[in-house]
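I set out to record what I looked up in this structure, entry by entry. The entries run from the whole chain to single residues.

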Amino acid sequence: EDETDILGSFFLDEKEEKHPGLLYLADSLTLLDEADVAFFAHDYASARGCLIEYEVAKKYGVKILLEEDLVKE
């Protein structure tokens, strides 16, 4: 049986920097380097950081899994 680890990239701490979003993005990209698969929720494109993570995953060959691909109505 394969074991799955979830690398969450939603950060709740508050960074006191000029552009805290950039630091969160850097943290997320660091986690992406460890990932075998990157999962994106249905509205990922409405969040700048998620959209950038998606494009980076695509460019670097990280497998992408979209929520809409899993949901069957």
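The notes below concern a predicted model.

**Entry 1: overall architecture.** I began with the secondary structure and found 3 helices and 2 strands in the protein. Read along the sequence, these elements follow the pattern α-β-α-β-α. I then looked up burial: of the 73 residues in the protein, 16% are buried. For contacts between residues at least 6 apart in sequence, I noted that 55% join residues at least 24 apart. The accessible surface amounts to about 6,300 Å², and carbon and sulfur atoms account for 52% of that surface.

**Entry 2: helix 2.** I next turned to helix 2, which spans residues 48-60 and contains 13 residues. From its first C-alpha to its last, helix 2 reaches 18 Å, close to the 18 Å expected at 1.5 Å a residue.

Which residues of helix 2 are buried? I recorded Glu53, Tyr54 and Ala57. These three lie on the same side of helix 2, because they cover an arc of only 100° around the axis. On the face turned away from that buried side, I found the exposed residues Arg48 and Lys59.

I also asked what covers the buried residues of helix 2. The cover includes helix 1 (20-34), strand 1 (37-40) and strand 2 (63-66). Just after helix 2, I noted that Gly61 adopts a positive phi of about 75°.

**Entry 3: Ala57.** Is Ala57 buried or exposed? Its relative accessible area is 0%, and a residue counts as buried under 20%, so Ala57 is buried.

I then listed its contacts, leaving aside residues up to four places away in sequence: Ala57 touches Leu32, Ala38, Val62 and Ile64. I also looked up the separation between Ala57 and Asp33, which are 24 residues apart along the chain. Their C-alpha atoms are separated by 8.8 Å.

**Entry 4: a surface patch and Phe39.** Finally, I examined the surface. Phe39, Leu70 and Val71 make a nonpolar surface patch of about 300 Å². Of these residues I followed up Phe39, which lies in strand 1. Phe39 has a relative accessibility of 48% and therefore counts as partly exposed, given that exposed requires over 50%.

Entry 5: I keep two items for reference. Strand 1 is among the elements covering the buried residues of helix 2, and strand 1 also holds Phe39, one of the residues of the nonpolar surface patch.

Note on methods: Residues are numbered from 1 along each chain as its sequence is written. This is a predicted model: local features need pLDDT of at least 70, side-chain atom pairs count only at pLDDT 80 or more; totals for chains, interfaces and linings use all residues. Side-chain values use heavy atoms; hydrogens and water are left out. Helices (H or I, at least four residues) and strands (E, at least two) are DSSP runs, numbered from the N terminus. The expected span of a helix is 1.5 Å times one less than its number of residues. Buried means under 20% relative accessible area, exposed over 50%, partly exposed in between (1.4 Å probe, protein chains only). The arc is that of the directions from the helix axis to the C-beta atoms. Contact means heavy atoms within 4.5 Å. Accessible areas come from the Shrake-Rupley method with a 1.4 Å probe; for residues, only the protein chains shown count as cover. Patches are made of residues with over 30% relative accessible area and no salt bridge: like charges are joined within 9 Å, nonpolar side chains (Val, Leu, Ile, Met, Phe, Trp, Tyr) within 5 Å. A salt bridge is a side-chain nitrogen of Lys or Arg within 4 Å of a carboxyl oxygen of Asp or Glu.
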